[in-house]
Each structure stands twice: as structure tokens, then as C-alpha cells.
Amino acid sequence: EVKVGDVLRVNDRESFPADLLLLRASDPSPGQAWVNTKPLDGESDTKLRLAPKLTVSLLSDASPANIVTVLHGSMKCEAPNDKVNDFIG
């Protein structure tokens, strides 16, 4: 069960809950991921999602196993909602 505050590793073509914050992505673009939102909005084209530049920088050398040891702090963001193209946080 996924709960608020969990850090998840999502592999290529793996489904995951929609309300996640992208912290980092794999090469070739460590801060970018293409996401299929068809189950949410019915659109079949993929959408580019960008990780915050700060987390990309902080996690550039971190292995998936030690990401939680590199990050310290908190994040404030809006409650889950149906807006797939907007994020406040």
C-alpha cells in the first residue's frame, strides 16, 4: 500500500498512482519522463513531466537504494485532484 511520504521506484512501462511527484528519471534525461495519462483523461498521447531542478541536482549521483538518505525536509502541495496538467506545490 502506497502512502503519503513514500518514495517509489517506477520502472519503464510500469503503472503507478497518478498523484506522484517526479524526483528524478533515468538517462538520457535525468529530469524528464514521458507519462501515459490515458486511464485518467482518455488522451492517448504521452505527456512530458519534469522533475524539480533541485531534486534532479541533489539526486544525480544517488543510487535508488539511498535516495531517502539524501533527501531531508518536507514538501507542501495541493491535495489529490483530477487536474492532470496542473500542480501546485
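I count Lys and Arg as positive and Asp and Glu as negative, leaving out His and the chain ends. I place each charge at NZ of Lys, CZ of Arg, CG of Asp or CD of Glu. With that settled, I found 10 positive and 13 negative side chains, and the centres of the two sets lie 3 Å apart.

A note on the source: this is a predicted model, where local features need pLDDT of at least 70 and side-chain atom pairs count only at pLDDT 80 or more, while totals for chains, interfaces and linings use all residues. Residues are numbered from 1 along each chain as its sequence is written, and side-chain values use heavy atoms, without hydrogens and water.

Next I looked up the fold. I read the pattern β-α-β-α-α along the sequence, with helices (H or I, at least four residues) and strands (E, at least two) taken as DSSP runs numbered from the N terminus.

Then I checked burial, where buried means under 20% relative accessible area, exposed over 50% and partly exposed in between (1.4 Å probe, protein chains only). Buried residues make up 13% of the 89 residues.

Last, I picked out Thr-37. Where does Thr-37 lie? I found Thr-37 in the loop between strand S1 (32-36) and helix H1 (38-41). Thr-37 is buried, with a relative accessible area of 4%. Beyond its neighbours within four places in sequence, Thr-37 is in contact (heavy atoms within 4.5 Å) with Gly-42, Glu-43, Lys-47 and Arg-49.
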